[in-house]
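Please work through the exercises below with the sequence and the structure in view. Each task is followed by a solution that goes step by step.

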Amino acid sequence: MKKVISVNNITSGYDKHKIITDASFDINAGEFVGIIGKNGAGKSTMLKTLRGFLPVEKGSIKLFDRELSDYSQRDLAIQIAYLQQQVEMTFDYTARDMVMAGRYPYIKWWEQSSDRDLEIVEACMKYTGVTELADTPIKAMSGGQRQRVYLAKVLAQQTHVLFLDEPASGLDLFYQEEIFRFCREMCNYGKTVIMVVHELNLAARFCSRLMLLKEGTILADGCPDAVLKDNLLTEAYGVDICSLINKETGHRDIFTVPPPDDVDKKQLIATIIGNNKHDGRGANK
Amino acid sequence: MRNYHFKLVSIILVIALILVVCTSLSAGQYNLDFIQVVAWCLHKMGIPLLTEINVTEQQEAVLMFIRSPRTVVGLLVGAGLAASGAVLQGLFSNPLADPGIIGVSSGATFGAVIAIIAGINSTSLVGLPISAFIGAVVAVSLTIGLATRHGRIPVLTLLLAGVVVGMLFSALTAAMLTIMDDHKVQQYLFWTIGSLDYRRWEHVLMGVVPISLGITIMLMMARHLNILALGEAEAKAVGMNVTKYRLILLAVATMTTASSVCITGSIGFVGLIIPHMMRMLVGPNHRRLLPASMIGGSVFLVFCDSVGRMLLTNSEINVGIMTAILGTPYFLYLLRKNMDIR
């Protein structure tokens with residue numbers, strides 16, 4: 001299999017604050033990699049480092065056997081499309097304007113967008129189902145529609161590699177599954193997707209490989225069944241986690257196991273709830 | 001859902017432009033009818049219409065040497081200020097940015113004061129504008145220098161640096177004013193309000209090259225500006241060298257604004273309000289917004305100037321005052337509307 005990204009012993013972070021330490025792995029063409037871990041484990045930092053947005057303190061990152069730092073900004077944008085966690089927009093750009101931004105690295109600085117660019121933009125919007133919204137300002141859309149527009153933009157960049165930072169957060173289940181299905185389809189066509197994921201159940205179903213992070217180090221890396229083990233998840237998330245296959249659906253169910261109530265908690269509950277009977281008449285007796 | 005009507009707005013703007021130019025040519029103390037102005041324009045263009053209407057030699061002289069240069073300066077400066085405003089707002093992805101905010105106006109004012117103190121303005125027509133231009137460029141360079149860190153220009157730092165540099169130059173100007181002769185203070189006041197009075201073809205010649213050049217470059221960069229306006233992270237994600245393009249566009253907007261301000265004195269609100277208004281009408285895509293802002297700025301400035309000449313019978317109100325009077329209510333309305341959203 002063709003190696004796309006090769007990471008060797010990297011350390012990176014923001015200025016003096018190191019977040020990722022001594023990470024090494026290879027990613028092959030066609031893989032759908034989910035980066036998982038609890039909040040603050042360094043998932044987004046990992047993605048930004050791989051995209052070249054954050055400086056690498058130590059170690060090396062190779063993209064198609066060439067050092068990442070040897071690429072120009074524009075060449076990188078032709079290789080890797082990156083969808084950031086939250087796109088904050090000041091102005092009311094329409095969906096078409098946004099998707100057209102994906103063509104930016106292909107157009108020389110003095111040129112204007114060509115008919116070919118427009119054709120690609122229309123095709124990408126059609127593929128993600130936002131053709132009807134082409135002239136609608138993005139701010140007037142729902143979260144799910146917006147994400148479809150951003151996916152179209154990422155597609156219009158026509159890169160081999162797609163980086164998505166929590167693209168499914170805050171969306172309806174339907175839109176969430178749609179994004180995962182979209183990524184898997186892209187991988188079937190030979191693209192490589194790396195996604196920061198919070199939805200472990202969906203990650204288990206759709207990703208071909210998971211990378212579990214804890215405090216900036218890789219705790220486990222491999223196929224979902226190998227990574228989604230009770231002990232690994234419990235260690236990474238710091239709470240008791242159970243992971244088992246649902247016999248009805250055949251999908252993996254992942255859930256936390258709350259610790260049993262101790263004496264302290266019982267006392268707290270008594271204080272918080274009180275011993276008034278709540279019958280809707282308020283506190284006046 | 002909102003639809004933007006680019007074609008309709010363009011047609012309306014062009015019609016408004018023609019009307020406002022004719023009004024500006026006919027308004028003022030020397031009596032000229034609107035229809036005479038239209039006839040004169042048609043005759044000049046060689047169109048055989050309204051041939052029965054005559055324009056006297058004296059009237060023609062007024063049109064040619066007083067009203068025309070004044071109107072052309074208004075068109076140029078209005079277009080330059082509004083286009084620069086649109087560029088700066090896109091560049092900072094901040095709808096409240098305007099050419100004044102990065103120190104252009106206060107720098108230019110300081111340069112003008114120096115020229116007035118040195119007496120350059122009474123010996124040469126171009127002395128004061130050149131001095132004002134240098135002041136503006138120095139102030140903006142200082143702002144950018146203060147804001148640049150590790151090859152990056154964070155937007156908020158730049159805006160704050162602009163405010164600080166603006167205060168510094170205002171203080172320097174105030175210091176100069178306290179030691180100036182009274183009649184020179186009078187000259188300063190006259191300049192600082194911003195006016196199209198007594199502008200001659202020499203002023204047009206001075207401004208036409210830098211302003212048209214600036215506007216042309218801005219129009220060529222519209223596509224890049226669209227990417228910058230999406231925010232720094234998005235621009236980087238599609239491979240843009242953000243700092244390089246920010247610097248280029250800042251330089252072009254500064255040159256254009258400084259060239260405008262140095263001919264007319266500082267005129268506020270055009271660079272802030274016109275891009276805003278046009279964004280509501282034609283949308284935020286700079287390939288439409290920039291041309292619309294240019295024409296809108298020209299119409300607004302020449303309109304304000306004409307109204308300023310028509311309101312009082314024996315005297316006239318400076319255009320800088322008119323833009324503020326008409327602009328303030330609109331600006332307040334914008335602020336309140338922005339508050340409603342958040």
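The exercises that follow concern a predicted model.

**Exercise 1. Describe chain A as a whole: its helices and strands, its box and its buried share.**

Solution. Begin with the secondary structure: chain A contains ten helices and twelve strands. Next, consider the extent of the chain: along the principal axes, its C-alpha atoms fill a box of roughly 75 × 45 × 45 Å. Then turn to burial: of the 285 residues in chain A, 39% are buried. Finally, examine the contacts with a separation of 6 or more: in chain A, 66% of these are between residues 24 or more positions apart.

**Exercise 2. Determine the strand order of the open sheet of four strands in chain A, and explain why S2 and S5 each have one side without a neighbour.**

Solution. In general, strands of a sheet pair through backbone hydrogen bonds, either parallel or antiparallel. In this open sheet of chain A the order is S2-S1-S4-S5, with antiparallel pairing. Strand S2 (17–28) and S5 of chain A are at the edges and have a single partner strand each, so one side of each lacks a neighbour in the sheet.

One pairing can be followed in detail. Strand S1 (residues 3–14) of chain A is joined to S2(A) by eight bridges, and the two run antiparallel. A:Tyr14 has A:His17 in S2(A) as its bridge partner.

Helix H1 (residues 43–51) of chain A lies across S1, S2 and S4 of chain A, and its direction makes an angle of about 120° with S1(A).

**Exercise 3. Compare A:Asp65 and B:Phe269: where does each lie, and is each buried or exposed?**

Solution. The background is that most residues other than glycine have a negative phi. A:Asp65 is not a glycine, yet its phi is positive, at about 65°. B:Phe269, also not a glycine, has a positive phi of about 75°.

Locate each residue next. A:Asp65 is in the loop between strand S4 (56–63) and strand S5 (66–67) of chain A. B:Phe269 is in the loop that lies between helix H12 (242–264) and helix H13 (270–282) of chain B.

Now apply the cut-offs: 20 or more neighbours within 10 Å for buried, 12 or fewer for exposed. A:Asp65 is exposed because it has 9 C-beta neighbours inside 10 Å. B:Phe269 is buried because it has 24 C-beta neighbours inside 10 Å.

**Exercise 4. Characterise the side of chain A that touches chain B.**

Solution. Start with the counts: 26 residues of chain A contact 24 residues of chain B. On the chain A side, the elements giving two or more residues are helix H2 (73–79) and helix H3 (95–101). The largest share, four residues, is that of H2(A). By class, this side of chain A has 13 nonpolar, eight polar and five charged residues.

Methods:
Residues are numbered from 1 along each chain as its sequence is written. Chains are lettered from A and ligands numbered from 1 in the order in which they are written. This is a predicted model: local features need pLDDT of at least 70, side-chain atom pairs count only at pLDDT 80 or more; totals for chains, interfaces and linings use all residues. Two residues are in contact if their C-beta atoms, placed from the backbone, lie within 7 Å. Ala, Val, Leu, Ile, Met, Phe, Trp, Tyr, Cys and Pro count as nonpolar, Asp, Glu, Lys and Arg as charged, and the others, Gly among them, as polar. Two strands pair if DSSP finds at least two bridges between them. Axes are lines fitted to C-alpha atoms, for helices over the stretch in contact, and angles run from 0 to 180 degrees between N-to-C directions.
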